[in-house]
Amino acid sequence: MSHETRTALRVCPLCEATCGLTLTIEGTSVTGARGDREDVFSRGFICPKGASFGGLDADPDRLRTPLVRKGGVLREATWTEAFDAIAAKIPALIEEHGKQAVGVFLGNPNVHTMAGGLYPPLLLSALGTRNVFTAGTLDQMPKHVSSGLLFGDAHAIPVPDLDHTAHLLLIGANPLESNGSLCTAPDFPGKLKALRRRGGTLTVIDPRRTRTARLADRHAAIRPGTDALLLAALTQVVVEEKLADPGALAGHLDGYDELTEAIADFTPEAVAAACDVDADTIREIARELAAAPAAAVYGRIGSCTVEHGTLASWLIDVLNILTGNLDRPGGALFPLSATARAPRAAAPGKGFDLGRWRSRVSRHPEAKGELPAAALAEEIETPGEGRIRALIVIAGNPVLSAPDGDRLDRALAHGLDFMVSVDPYLNETARHADVVLPPPPPSQSAHFDFAFNSFAVRNQVRYSRPAVPLQEGRMDEGEILARLVLAVGGNHGAPPETVDDLVITTTLARAGLPEELAGNLTGRTGAERRLDLMLRLGPYDLTLEQLLARPHGIDLGPLKPRIPQVLRTRSGRIELFPAPIAADLPRLRASIGARPAGLVLVGRRHLRSNNSWMHNVAALRGGSNVCTLQIHPDDAARIGLAEGETARITAAGGEVDAPAEITDSVRPGVVSLPHGWGHSRPGTRMSVAGAEPGVNVNQLLDGTLLDPLSGTAVLNAVPVSVAPTR
C-alpha cells in the first residue's frame, strides 16, 4: 500500500461553523488538518476541533463492524447478520402492536452528515410512527416554533447579517465558544472584532462573563431564565417611546395593535427586579438598538432552554421587526441555500400548527412533528396501547443529553423489546442496543451541509467527496440508512439504491417533470444523484458537476431581503401576535414577581467540545474543557466551599459531585456546569472519555420542567443547592 503524502479538501463536520479544511493524508490516514485559505466561506479559519480532525477520524474506540446482541452480549457481526436481525424484529413488532410501538430518536450529529440530512425522513415515513424525539427539544425547538408562528415556516429562521450590521445584541449566546448556532458563520470571533473595528456596537446579555461578553461594549449580567421578560421590556420601550419603524415590512404585518397592547405592562421598571437589570440600562439598550443604522438581535441556547424559551425567541424577531431590522442588509435576513426550493410567488401558505397530536402518557403536544425528548422514558415505561417497545437511535446519546438520564437508562435496559443504534461509538445510550450499526469516519464519507447552509450568514455552497476510500468491511452511512429503511419497511434485501431511485422519481413527479430526466443526473452514489437533483431544482440552477469543479466552493453572494416570498402563513403576512403566543403571555406576566430563593444552575459550552460525542478525542482534553462547577466567590464563601474542593449539587432530578471552580465570571446566585459529561457508566467503549468522565448535569433535572409551546426541556435557570461533600 502506498504511503505517499497528499492533501484533500474537506468541509469540517464538527460544529455549525462548517469551515473548509485542507487535510494532510499519508496512505489512508489523516495526519494533519489546517484551514483552507481558498475556501469561499471560511477563508482559512480553523478552531481546535477542526485541527483535531485526524485524531477523531482515527479514534481506535470507533466501531468498525456491526454489533449484534447474542446471549445478552454485544458481539461483532456481519452487516448481513445485523440487517437480518432488524428485519426479523421491527416489522413483526409493528404487525403485532401497531406503528406507534416504534420510537425514533435523532441526535445532533445527524445535521452534521450528508446521509443524516437525506435518509431519516425516509425512515420516519417507512415506520409511520408519531413517536419521534430529537435533540431539537433539548436545544433549538423554541426558535422553530416561533418562526413557524410568525412566518408560517418553522425552518424560516433569520440570521444576523454579521458582516454589515452596526449593532449586534446577543442574548444567551456565546459564539466565541460555540462557533455560532442557528447562525452558520466561520470565524465568528473575527466577525465580532470586525464589527468593533468599523465602529459598531456589541451588546451581550448573559449571566456569565463569557469570552464573548468580554469582547462587548456592554455586558448585562441578567438573572438566568428572565430573557423573555427583558426582551418584552425592550419591545415595550420601542413602542412606548415611538421608536418603532418597521420600514418596508409595515405592509406585511398583522397583529401590531394587539401586540402593543399585550406588552404595555412589561415596562423596564416592572421587570427590572426580576431580571436584575436596572430600568435605565434596559431603556438605553432599547434606544441604542432602535437608533442604530442597522442592527440585529440574536439569541441562542441560553434563551431557548428556559421556561419561556418560545416567547423569548418570538420577542427576538419582534424586536428585529419593530426596529426595521428584519429582512434588510445589516439586520437579520433569511438565507437561501442552494438546495432550497426555488422561490415562489408571494401567496398565503398552509401555516404552522402546534399540537396536531399529543404524547400518550403526559399528553404533551407535538411541535414540528416531534414530541419532547424528556418524555421518552415514560413512553417506554408506561404500560398500555401505544407503548414504545422498539427504539431506533441515530447519532444520539439521550442518556446524557436528556433530563434524568438514570430513568432513561433503566427504561432502555428493561423496557424495550428491541433497540437499534446507528453510532460510531458504544456510548451510554448505544450500549443498550440489540444492533449497533457504525458509520465510517468522516474522512471516508462525503459531506454536504443541508441544514447549516440554511442558516449561513452568506449564501454559498460546497461539497466534499470522501478524502480516502471506504475501508474494506465498512459501509457508507447512506447505504446503512437506506438498508435500515428497507429493513423496517418490509423490503429487506432490496438493493439500497432503490430507496434513492424512488425519491428521485417522486421528486420529479411533484415538480411536474418527466421521469426520463433522472437519466441526466450524475453522481457515484444515490446520495450524490439526489444532491444533483436538488441543486438543479434549487434557486441557483446548479449541478453536482459544477460543484465538483469548484472544490473550494461557490460563493452565491450576500443575504438579500426575501419577504414576502418567504412567508407561509395562512394570511400571507407576518403574524406578529399569533394565538398560541397570546395564550402563553399571561404565564410570562405572572413570572414578574418570581425570584429564586437560592442558587440557580446554567450550562456552558466548551470550544474544544461539541456535546458528548467529542469527549473521546485525546487532543481536545484539558484547557478549559473540564467538568467543573463554576461558582462566584461570594457564594463559595457563604457556603464554605474552597477552590478545587468537591461540591455536591442537588436538584429535583438527583445530585452530582463536581470540583469547584471559584470565579467571578459567573454572577452571584448562579452556578454553571458544562453539558455532555458523565461518561462513567459501565459497558461503553470510550476509553478517553471514561478516564475523565465528569458528571451529567442533566441528571439534576427530573424532566418535568418544559417550555409548554415547544416541549423543550428547561436546562437553564434550574434551582439547585450546593454544599461541600466533607
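## Close-up views of a predicted model

View 1. The model shown here and in every other view is a predicted one, and the structure holds zero disulfides. C183 is likewise in no disulfide, since the nearest cysteine sulfur, again that of C15, is 12 Å away. C12 counts as buried because its relative accessibility is 6%, and C183 also counts as buried, with a relative accessibility of 0%.

**View 2. A salt bridge between D39 and R462.** The structure holds 41 salt bridges, and one of them is formed by D39 and R462, whose closest N and O atoms are 3.1 Å apart. D39 lies in the loop between β3 (29–35) and α1 (48–51), while R462 lies in the loop between β18 (458–461) and α19 (477–488), so the pair ties together parts that are 423 residues apart in sequence. Is this pair buried or exposed? D39 is buried, and R462 is buried as well.

**View 3. A salt bridge between two helices.** R529 and D501 form a salt bridge in which the closest N and O atoms are 3.0 Å apart. The pair links distant parts of the chain, with R529 placed in helix α21 (residues 526–537) and D501 in helix α20 (residues 497–510), 28 residues apart.

**View 4. A salt bridge between two loops.** The side chains of R621 and E692 meet in a salt bridge, with a distance of 2.7 Å from N to O. R621 is found in the loop between β21 (599–602) and β22 (629–631), and E692 in the loop between α25 (687–691) and β26 (706–707), so that this pair, 71 residues apart, links distant parts of the chain. R621 counts as partly exposed because its relative accessibility is 36%, and E692, with a relative accessible area of 38%, is partly exposed too.

**View 5. A network of charged side chains.**

View 6. Which residues form the positive surface patch? The patch is made up of K193, R197, R198, R211 and R214. Two elements, α8 (188–197) and α9 (211–214), each give two or more residues to the positive patch. R198, another member of the patch, lies in the loop between α8 and β10 (201–205). Because its relative accessibility is 39%, R198 counts as partly exposed.

View 7. I563 and P564 are joined by a cis peptide bond, for which omega is about 20°. P564 is located in the loop between β19 (554–558) and β20 (574–575).

**View 8. Two residues with positive phi.** T18 has a positive phi of about 50° although it is not a glycine, and K242, also a residue other than glycine, has a positive phi near 55°. What loop holds T18, and what loop holds K242? T18 is found in the loop between β1 (5–11) and β2 (20–26), whereas K242 lies in the loop between α10 (227–240) and β12 (253–254). T18 has a relative accessible area of 1% and is therefore buried, while K242, at 72% relative accessibility, counts as exposed.

View 9. A312 lies in helix α15 (residues 309–322), and its relative accessibility of 0% is why A312 counts as buried. The C-alpha atoms of A312 and P403 are separated by 22 Å, and the two residues are 91 residues apart along the chain.

Technical notes:
Residues are numbered from 1 along each chain as its sequence is written. This is a predicted model: local features need pLDDT of at least 70, side-chain atom pairs count only at pLDDT 80 or more; totals for chains, interfaces and linings use all residues. Side-chain values use heavy atoms; hydrogens and water are left out. Patches are made of residues with over 30% relative accessible area and no salt bridge: like charges are joined within 9 Å, nonpolar side chains (Val, Leu, Ile, Met, Phe, Trp, Tyr) within 5 Å. Accessible areas come from the Shrake-Rupley method with a 1.4 Å probe; for residues, only the protein chains shown count as cover. A salt bridge is a side-chain nitrogen of Lys or Arg within 4 Å of a carboxyl oxygen of Asp or Glu. Lys and Arg count as positive and Asp and Glu as negative; His and the chain ends are not counted. The place of a charge is taken as NZ of Lys, CZ of Arg, CG of Asp or CD of Glu. Helices (H or I, at least four residues) and strands (E, at least two) are DSSP runs, numbered from the N terminus. Buried means under 20% relative accessible area, exposed over 50%, partly exposed in between (1.4 Å probe, protein chains only). A disulfide is a pair of cysteine sulfur atoms within 2.5 Å.
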